Amino acid sequence: MAQAEVSPTVIAGRVVQSILAQKLAPGERLGEQQLADLFGVSRTMVREALMQLQARGFVEVQPKRGWYVVQPSAEEARDAFAARRIVESGILNTEGRPLAQTIRALRQHIAQEQQAIEGADAATRAFLLADFHVCLAQEMGHRLLSDVLRDLTARTTLAATLYQSRHDAGQSCAEHAAIVAAMERGDMGEARQRMLAHIGNVEEALQTEQADVSQADRLRATLSPLALP
């Protein structure tokens, strides 16, 4: 990528895209020099991008160690899903059937999801399934909320990666299709209910049971005496 095309915002956007595609894992280190070499820019520009990402809650800096992708706690994951419920149900809180071009764009997105599921590119599959929600906001005319939703979806994607989500890609795609089908019928109430159920299914698939155990409890269990014969 030519340097003239790169800015801190572009670098930050690429990082968020990689999170949505589950190519960047929670706890992964982001070296300033490696990023500078990759984008062909100065470390100062990379640092600006990382500070943007820090402000958005995606990375953290550890003294004398560098920058790392955050590892959301179980509580933080629940907060992100709760915020998504509010935003996405609000986007669908409208009367009447959406414009035909909106339905057409969403169906095209779902077709891309299905194609990615049938293929072998896990990153593209993960990105498209997450991006459906951003696409929905954009097509419903909520440009500002689409940016908010991109960040919230990236946060829940980090949680899905960290807590080894059991949610099936095919199930997600089918749930997306059911939401759009309800929208096409003009039944926005059903579309909202299906969206809330879909977000709930994704959240319930996270294996956060161990994360809910306190650090003291984990330490107590780890250091308990062995039951030797």
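Let's start at a turn: in the hairpin of strands E2 and E3, three residues lie between the strands, and Lys 64 there takes a positive phi near 65°. This is a predicted model, where local features need pLDDT of at least 70, side-chain atom pairs count only at pLDDT 80 or more, and totals for chains, interfaces and linings use all residues. Residues are numbered from 1 along each chain as its sequence is written, and side-chain values use heavy atoms, with hydrogens and water left out.

**The whole chain**

The protein chain has 10 helices and three strands. Here helices (H or I, at least four residues) and strands (E, at least two) are DSSP runs, numbered from the N terminus. Of the 229 residues, 41% count as buried, meaning under 20% relative accessible area, while exposed means over 50% and partly exposed is in between (1.4 Å probe, protein chains only). Look at contacts (heavy atoms within 4.5 Å), and take those with a separation of 6 or more: residues 24 or more positions apart account for 75% of them.

**The sheet**

Two strands pair if DSSP finds at least two bridges between them. Strands of a sheet pair through backbone hydrogen bonds, either parallel or antiparallel.

E1 (residues 29–30) and E3 (residues 66–69) are joined by two bridges, and Arg 29 stands opposite Tyr 68 in E3. E2 (residues 59–62) pairs with E3 over four bridges, with Val 59 opposite Val 69 in E3.

| Helix | Length | Reach, first to last C-alpha | Expected span |
|---|---|---|---|
| H3 (residues 43–55) | 13 residues | 18 Å | 18 Å |
| H5 (residues 100–118) | 19 residues | 27 Å | 27 Å |

Take H3. Its buried residues are Met 45, Val 46, Ala 49, Leu 50 and Leu 53. Seen down the axis of H3, they fall within an arc of 140°, so they line one face of the helix. (The arc is that of the directions from the helix axis to the C-beta atoms.) What do the buried residues of H3 pack against? Their partners are helix H1 (8–20), E1, helix H2 (32–39), E2 and E3. After H3 comes Gly 57, with a positive phi near 90°.

Now for H5. Thr 102, Ile 103, Ala 105, Leu 106, His 109, Ile 110, Glu 113 and Ala 116 are buried in this helix. They cover an arc of only 165° around the axis, which puts them on the same side of H5. Those buried residues pack against helix H6 (122–139) and helix H8 (169–184). Turned away from the buried side is a face with the exposed residues Ala 100, Gln 101, Arg 104, Gln 108, Gln 115 and Glu 118.

Methods: Expected span 1.5 Å × (residues − 1). Arc of directions from axis to C-beta.
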